[in-house]
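Student: Could you walk me through this one? I have not looked at it before.

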Amino acid sequence: MKLNDILKGIECEVVGGSTDITIDNLVYDSRKTTNNSLFIALVGFNSDGHDYIDKAISMGATAIICERDIEVSNDIAVVKVKNTRDVFCQVCSNYFGNPEKFLTLIGITGTKGKTTTSFMIKKVLESASYKVGIIGTTGTYYLDKYYSNTNTTPESYELYKYMREMVDNGVEYLIMEVSSQALKVGRVKNLIFDYAIFTNLTLDHVGTNEHASFEEYVYCKSLLFKQSRIGIFNIDDKHYIDMTKECSCQVYSYGTSDEASLRCIDIEYLHNNDFLGIKIKTNGLVEDTFMVNMPGKFSAYNAMAAITLGSLLNIDTDSIKDGLLNFKVRGRMERVDVSDKYSVFIDYAHNGVSMESILSTVKEYNPKRIVSLFGCGGNRSRDRRFDMGEVSGKYADLSIITSDNSRYESFDDIARDILVGMKKTNGEYIIIPDRKEAIKYCIENAQDGDVILILGKGHEDYQEINGERHPFDERVVINDIMKELGMK
């Protein structure tokens, strides 16, 4: 592709060399430079791409996009812009042939529920025979492809690369979890979403290298609805007004409020060893009853977002029902088939708030016992450990404290902190450091009617110990344990 074509629609000044050259590669990481690369010098929190321009050139870069004056040889094309971050999204779009124009884009933002809502919508659309892609916390998915993501919303280059692949493989809808950080730094700056969904907002992501204040966090979330055509909002969330007051999109809402476009008028909790979920009744945009393959009131809200979108997309109600009944999210209340006498679920809950949400929800189903297996990550806030111990002790009939990603801390130190919280309650607990042995203990000692919650790792397939990631997929581990116990 010609550099001239990559620069279309971008306000810039050519200060060196010629733009009538062929570019074979676009890079923002100098280590990935190859011959005839265009290197864009992004300025980040911890590094400045301008410091790596010489390295990129030495590895074959023939063109540079920068925002400061630089000195390079005359045969290098130098393009100066006001802010490299601001133009990066458009550069990537041009480089990959503007794939967003061939997709229906669905953005989802909020503190909780993004991943679950994404997979609900994916299954609804697939039930209506559409080809669908997802980019989010648990990875990038389309057809039979999967890529892991470092961030919930990847860098612009990866976003457009995945979009290009999806379009080339016939994908029609792309569902994207859009993080506040991605909105803040502009990873999705040039995208116009056909539909955007707001789930909820609670205190999160405030601190060093994230958001300076909760107010900034709220503001960044709201930016999505200034670059969307249709917005779908949780009207019951107290930040509904913050999200809608300056939005430029058409507004639809869901919730229990009489003012909601789609209103939930009844929730019934359903539980047996094969199903832990809800049945919801709605009116407004859609008047019907839906079974949802995930427990709790929060699942009703996620389902309402999916139903609202399905209605606006003119998806038939049977496809919406099928999607909500049969969707599955890796590591989000993911049921593992172990026994018909008790239930085993894997979930990503890894702090006090998310643990309380899961445990209090399951408690509403009145199982015989709740068994909570969890650990806590090392080199993170100790307060998180206190909270997790206290929450598990409060809600679970038995807590099994085990290892998680201990990183560079010892398990004993982490467990000692968890027990500070645990001992504020009367909850029973045991400590089994080895996570596989802890899971094995749960299965060997399960009682009829138990709900066993294996918490903390969710979609992860590793344990991080002393800086190394060791393979640890809990689905594989459970399968191995069942073979060892003669259950398979």
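Tutor: In α11, the residues G352, M355, E356, L359, S360 and K363 meet D387, M388, V391, S392, K394 and Y395 of α12; contact means heavy atoms within 4.5 Å. This is a predicted model, in which local features need pLDDT of at least 70, side-chain atom pairs count only at pLDDT 80 or more, and totals for chains, interfaces and linings use all residues. Residues are numbered from 1 along each chain as its sequence is written, and side-chain values use heavy atoms, with hydrogens and water left out.

Student: At what angle do α11 and α12 pack?

Tutor: Helix α11 (residues 352-363) packs against α12 at about 5°, and their axes are 9 Å apart. Axes are lines fitted to C-alpha atoms, for helices over the stretch in contact, and angles run from 0 to 180 degrees between N-to-C directions. The angle makes α11 roughly parallel to α12, a label for angles under 35 degrees.

Student: What kinds of residues make up that contact?

Tutor: The contact of α11 with α12 has five nonpolar, three polar and four charged residues. Ala, Val, Leu, Ile, Met, Phe, Trp, Tyr, Cys and Pro count as nonpolar, Asp, Glu, Lys and Arg as charged, and the others, Gly among them, as polar.

Student: Which strands does α12 lie across?

Tutor: Helix α12 (residues 382-395) lies across β19 and β20, and runs at about 165° to β19. Another helix, α15 (residues 474-484), packs on the sheet and touches β17, β18 (343-347) and β22 (451-455); its direction makes about 150° with that of β18. Helices (H or I, at least four residues) and strands (E, at least two) are DSSP runs, numbered from the N terminus.

Student: In what order do the strands of that six-strand sheet come?

Tutor: The order is β17-β18-β22-β19-β20-β21, in an open sheet with mixed pairing. Two strands pair if DSSP finds at least two bridges between them. Since β17 (334-336) and β21 (428-431) stand at the edges with a single partner strand each, one side of each is left without a neighbour in the sheet. On average, neighbouring strands of this sheet are turned by 20° against each other, direction ignored.

Student: How many bridges join β19 to β20?

Tutor: Four bridges join them, and the two strands run parallel. L373 has I400 in β20 as its bridge partner.

Student: New topic. How many cavities of 30 Å³ or more does a search of the whole structure find?

Tutor: The search finds one, and the largest cavity has a volume of about 30 Å³. On a 1 Å grid over the protein atoms alone, a cavity is a set of points where a 1.4 Å probe fits but cannot get out; lining residues have an atom within 4 Å of a point. Grid points are joined across faces, edges and corners, and a volume is the space filled by probe spheres set on the points.

Student: Which residues line the largest cavity?

Tutor: The lining consists of R369, V371, L398, I400, Y441, C442, N445 and A446. The elements giving two or more residues to it are β20 (398-401) and α14 (435-444). By kind, the lining has six nonpolar, one polar and one charged.

Student: What about β15 and β16, do they run parallel or antiparallel?

Tutor: Strand β15 (residues 275-284) and strand β16 (residues 288-292) run antiparallel, joined by five bridges. A hairpin links β15 to β16 through three residues, and I280 stands opposite F290 in β16.

Notes. On a 1 Å grid over the protein atoms alone, a cavity is a set of points where a 1.4 Å probe fits but cannot get out, and a pocket is an open set with protein on both sides within 12 Å along at least five of seven lines; lining residues have an atom within 4 Å of a point. Angles under 35 degrees count as roughly parallel, over 145 as roughly antiparallel, 65 to 115 as roughly perpendicular and the rest as oblique.
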